[in-house]
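Visitor: Could you walk me through this one? I will ask as I go.

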Amino acid sequence: MNFNDLKKDARMPKHIAFIIDGNGRWAKKRGLPRSMGHKAGFENLNKHIGYVQELGIKNLSIYCFSAENWNRPKAEVDYLMKLFGDMLDDYKKKYLDKDVRIIISGDMDDPRIPESTRIKAKEIMELTNEKTGFILNPCINYGGRQEILKAVNEIIASKETDIDVEKFEKHLYTSELLPLDFVIRTSGENRSSNYMPWQSTYSEWYYPETLWPSFSKNDLVKALEVFMSRKRRFGAIKG
Ligand code: IPE
Ligand code: IPE
Ligand code: MG
């Protein structure tokens with residue numbers, strides 16, 4: 001299938017996620033510092049945001065920094081935080097006049113995140129919160145278990161009772177997003193690393209060996225073909 005044929009296919013996912021793994025190994029293979037892998041990874045991400053929009057996929061989530069990534073050396077964490085600040089500046093320039101809503105999933109009140117980045121994150125979410133087209137969902141300082149506990153604590157504080165799935169989901173960062181159809185984790189690691197445990201219960205998962213900075217447009221096409229070849233049953237009997 002070519003890229004343009006995908007656009008018209010009714011089996012296409014509506015919400016996909018990238019776990020952009022392998023930046024460090026990509027750099028190491030080239031004798032570069034890990035930071036250069038992150039730089040290349042975020043450049044590649046910009047291209048993929050464009051492809052996903054062009055394909056008409058409605059929502060894109062990206063695992064940018066996990067709640068556990070704080071355990072990395074300070075210099076690497078500092079570099080990533082700087083990158084997120086620049087990324088948010090770039091999004092502000094690129095998307096404010098487009099029909100793009102930006103929702104950042106993760107604890108953006110954490111004082112370990114530079115204050116300027118926390119402010120930029122809140123600002124861009126507010127500035128785009130009326131947009132109804134594409135949703136771009138970078139997940140920064142995100143942990144799935146932490147997100148579930150946040151929901152539980154909010155529910156306890158609100159004294160809400162008879163919580164069902166729908167009511168619970170209102171307390172997740174992803175409450176405005178469509179169901180998560182497809183998760184692509186690059187670099188060959190077959191695990192979720194605390195990514196969207198609630199949202200991905202019926203997602204399709206795909207683990208290409210490619211390291212994220214090398215993940216190409218053609219690799220995305222291949223991944224989407226795999227998604228469309230899967231039979232999703234949601235517990236029922238189909239096909
Ligand atoms: C993932 O790439 C990107 C972030 C955590 C931001 P890694 O940094 O985990 O790269 P590897 O897994 O060490 O190769
Ligand atoms: C998951 O990758 C987090 C992101 C891609 C942001 P990690 O590289 O942190 O995951 P583990 O440590 O290999 O499980
Ligand atoms: Mg990794």
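**Notes on the model**

Guide: Arg-118 sits in helix H5, residues 115-127. Helices (H or I, at least four residues) and strands (E, at least two) are DSSP runs, numbered from the N terminus. This is a predicted model, where local features need pLDDT of at least 70 and side-chain atom pairs count only at pLDDT 80 or more, while totals for chains, interfaces and linings use all residues. Residues are numbered from 1 along each chain as its sequence is written, chains are lettered from A and ligands numbered from 1 in the order in which they are written, and side-chain values use heavy atoms, with hydrogens and water left out.

Visitor: What is Arg-118 in contact with, leaving aside its neighbours within four places in sequence?
Guide: Met-108, Asp-109, Asp-110, Pro-111 and Ile-113. Contact means heavy atoms within 4.5 Å.

Visitor: Which backbone oxygens lie by a polar atom of its side chain?
Guide: For Arg-118, the backbone oxygen of Ile-113 is 2.8 Å from a polar side-chain atom, and that of Asp-110 is 3.3 Å from one. Both are polar contacts: a pair of N or O atoms within 3.5 Å, where within protein one must be able to donate a hydrogen and the other to accept it, and residues adjacent in sequence count only if both atoms are side-chain atoms.

Visitor: Changing topic. Which residues come nearest to ligand 1?
Guide: Asp-21, Gly-24, Arg-25, Arg-34 and Arg-72, of the 13 residues around ligand 1. A residue is near a molecule or strand if one of its heavy atoms lies within 4 Å of it.

Visitor: And which helices supply that shell around ligand 1?
Guide: Helix H2 (23-29), helix H3 (34-54) and helix H4 (74-95) each supply at least two residues. H2 gives the most to the shell around ligand 1, with 3 residues.

Visitor: Where are the polar atoms by the oxygens of ligand 1?
Guide: A polar backbone atom of Arg-25 is 2.7 Å from an oxygen atom of ligand 1. For Arg-72, an N or O atom in the side chain is 2.7 Å from a ligand 1 oxygen. A polar backbone atom of Gly-22 is 3.4 Å from an oxygen atom of ligand 1. On its own ligand 1 has 380 Å² of accessible area, and the protein covers 89% of that. Accessible areas come from the Shrake-Rupley method with a 1.4 Å probe; for residues, only the protein chains shown count as cover.

Visitor: OK, ligand 2. What is around it?
Guide: Ile-19, Asp-21, Tyr-63, Cys-64, Phe-65, Asn-69, Arg-72, Arg-185, Arg-191 and Ser-193. Strand E2 (residues 59-66) gives the most to the shell around ligand 2, with 3 residues.

Visitor: Which side chains have a polar atom by an oxygen of ligand 2?
Guide: Among them are Arg-191 at 2.8 Å, Asn-69 at 2.9 Å and Arg-72 at 3.2 Å. Taken alone, ligand 2 exposes 390 Å², of which the protein buries 77%.

Visitor: Now the sheet. What is the strand order?
Guide: E3-E4-E2-E1-E5-E6, an open sheet of 6 strands with parallel pairing. Strand E3 (100-102) and strand E6 (204-206) are the edge strands, each pairing on one side only. Two strands pair if DSSP finds at least two bridges between them.

Visitor: How many bridges join E5 to E6?
Guide: Strand E5 (residues 182-185) is joined to E6 by 3 bridges. Ile-184 stands opposite Tyr-206 in E6.

Visitor: What does helix H8 touch on the sheet?
Guide: Helix H8 (residues 217-229) packs on the sheet and touches strand E1 (15-19), E5 and E6; its direction makes about 140 degrees with that of E5. Axes are lines fitted to C-alpha atoms, for helices over the stretch in contact, and angles run from 0 to 180 degrees between N-to-C directions.
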